[in-house]
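Please have the sequence and the model open while reading.

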Amino acid sequence: MKTNLKLISAFILTLIFSATAIAQNNSTLRIVRGKTDTVFTPVHFVTGVDVPGSAIYINDLLVKQYSTGSFGAELSLVEGDNEISVRSVKGTTEESVKFSVHFKIAVPLQRTKTDLYYPNRLVMTKKGAYLNYGAGEDRLGGAKINFLAEGIKLELLDSVNNLYKVKLSQNGYAYIPKQFTENVPFGTKPPFSLTSSWSVTNAGKADRIRIALQERQPYIIYRESDPNRLMVEIHGAACNSNWITQYLDLKAVDYVHYRQTAPDVFTAIIYLKDKYSWGYSVDYVGNSLDITIRHTPEPTLKGMVIGVDAGHGGSATGAVSTSGLREKDFNLAMTYMLKEELEKKGARVVLSRSEDVDVSMQERVDIFKKANVDLVISVHCNAGGHPLKEMGTSTYYRHIEYRPLAENILKRLIELNIKNFGLIGNFNFALNAPTEFPSVLVEALFMSSLPEEELLASPKFQKDMMIKVVRGLEDYLSEVKKSLK
Ligand SMILES: [Zn+2]
C-alpha cells in the first residue's frame, strides 16, 4: 500500500509538473511596456496583460488587474541596472518574466541645422503649401500660420532642414516646407503689387471679396472675435484702391476697409455680421485674391451636413491598449454611434472612412470639402501620460473661432464623471487646419490608461460619450441661434 501511495503521488506530481510545462509553452503573460534596455528617467512604468482573474506581482508586490486583463505598476529606478520581475499566478500554474532596465542620466543632444545663403533665389508655391511661424518641430509638425494658394513666388532667405525660410515683406518672414515649392528661373524678381479695385458680393451660400493685384502676393489671414473681423495681410503690396464696391445683399460681411500696416503690407479688414464663424477660403483667380466667407446656416441639426471622421484605419492602427485593443477600431465603432445619433436628429452624415481602410489626411480633407460639410467632428482616443491613473477626455481646435464648439462638447463629455484633460487650442492636427469649415477633434479617453482602457472597452460607455458629443453640438447650435437674434 505504502509503495502504491508513493507511486500515485509521484504520478500526480508528474502530472502537475507537465501541466506547468504546458502552461509555460502556452504562455499567456505578456509584458507590453517597460522592457527597455536603457532609459533616461527614473520614473518607469511596467504594464502588461494576462488572462483576467490572474494574481500579478511586480517585484513581489501584488498589483491590480483590470477586467480587460491589463495590469501595471510605477517603479522608481536607481542609476545603473535595475532587475524587474513580473509573476503571474493562475490557479495552480505560475509564470514569470525577468528583465533588466538600465537608467542613465541623459546628456543633451546638439540640434542639427544647416545654414545656406540663397542670393536672389525664388521658389513658387505648389498645391497644399502652408507657412510656419518658425523652424520648430513637434509630433505633428511646426506651428502653422495658414495655407497659401498655388503660384505665389517667395524669396529665399535660408534653409533649415526640410524648410525654406522665405521673405514675405521687408520686415516679415516665415518658413515653408520644401516639398510644397518648385524652383523658378534664376533672375525672377520678387513679386510686388499695387492694389486695384475691390468687389464685395453675395455669391449664394457665401459672400465673396475680390481684391485685384498685379501679381500673386503671399498673405497672412486670421480671425479676430472682438472686434468681429477677418484680417488679411497682403505682403509686398501697397494701396492704390480707389474703388470698393459693396452690395447691399451681403449676409456674412458687414463692411470692408483696409490699412497700410507697413510700407509693403496692405491689410484688408473684413467686418463680419455674425459672431460665430462657418468657415472661409482664400484663393487666387488670376492675380485677384478671392476671399469667400460662408453664410451662417440654419442653426439646427435638422438638415445640417456633418462630416464625421474616424481616426486612423487600415495599416494605421493608432494607439494600441495594454490588452491589445486598437484605437482605429474604437474610433470606427464610435463614429457609427455618432452617425446614428446625428441622423436621429435629422442631420446628414458624411464619413471619411466607413470601414477599416487607410485614408490619408489630405483625402479626408478633400472628402469633406467636396461634400461641402457644415462642420467636422473627428473621433480619436488618446495615448501617453500615466498608465495607472485616469487621464481624461479632451477636445481640440486649431482656429480661435471654433473654441466655443470644442468647449460646448467638452462640457457635456465631463458630465460622464470622467476627468477633464482639457480644452486644447491652436492644436496642429491636419483636420483642424482647414479654415473652410468649423472643426473639432474629440479625444475620447486614453488607450494607455488602464482604468480608461476598461471604460473604452465598453460599447455602452462609447455610446454614452457620443450622445454627449451630440448634446454639446446642440448646445453650440443654440448659442449660435441666440447670437442671431
Ligand atoms: Zn488617434
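## Zinc site

Glu327 is buried, with a relative accessible area of 3%, in this predicted model. His312 is partly exposed, at 25% relative accessible area. Together with His380, these residues coordinate the zinc ion at 2.1 to 2.2 Å. The donor atoms are NE2 of His312, OE of Glu327 and ND1 of His380.

Along the sequence the donor residues follow the spacing H-x14-E-x52-H. His312 sits in the loop between strand E27 (305–310) and helix H2 (327–344), while Glu327 belongs to helix H2, so the pair ties together parts that are 15 residues apart in sequence.

## Largest pocket

The largest pocket has a volume of about 1000 Å³. Its lining comprises 38 residues, and Gly128, Ala129, Phe147, Gln362 and Lys369 lie nearest its centre. Two or more lining residues come from each of strands E11 (144–147), E19 (219–224), E25 (280–285) and E26 (288–294), and from helix H3 (361–370).

By residue class, the lining of the largest pocket divides into 19 nonpolar, nine polar and ten charged residues.

## Second largest pocket

For the second largest pocket the volume is about 470 Å³. There are 25 lining residues, with Lys205, Arg294, Asn372, Val373 and Asp374 nearest the centre. E25, E26 and H3 each give two or more residues to this lining.

The lining of the second largest pocket holds eight nonpolar, nine polar and eight charged residues. Domain 3 (193–294) and domain 4 (305–484) both contribute lining residues, so the second largest pocket lies between these domains.

Definitions and conventions: Residues are numbered from 1 along each chain as its sequence is written. This is a predicted model: local features need pLDDT of at least 70, side-chain atom pairs count only at pLDDT 80 or more; totals for chains, interfaces and linings use all residues. Side-chain values use heavy atoms; hydrogens and water are left out. Donors are N, O and S atoms within 2.8 Å of the metal (3.2 Å for Na, K and Ca); water is not among the atoms, so sites may look incomplete. Helices (H or I, at least four residues) and strands (E, at least two) are DSSP runs, numbered from the N terminus. Buried means under 20% relative accessible area, exposed over 50%, partly exposed in between (1.4 Å probe, protein chains only). On a 1 Å grid over the protein atoms alone, a cavity is a set of points where a 1.4 Å probe fits but cannot get out, and a pocket is an open set with protein on both sides within 12 Å along at least five of seven lines; lining residues have an atom within 4 Å of a point. Grid points are joined across faces, edges and corners, and a volume is the space filled by probe spheres set on the points. Ala, Val, Leu, Ile, Met, Phe, Trp, Tyr, Cys and Pro count as nonpolar, Asp, Glu, Lys and Arg as charged, and the others, Gly among them, as polar. Domain bounds come from an automatic or database domain assignment.
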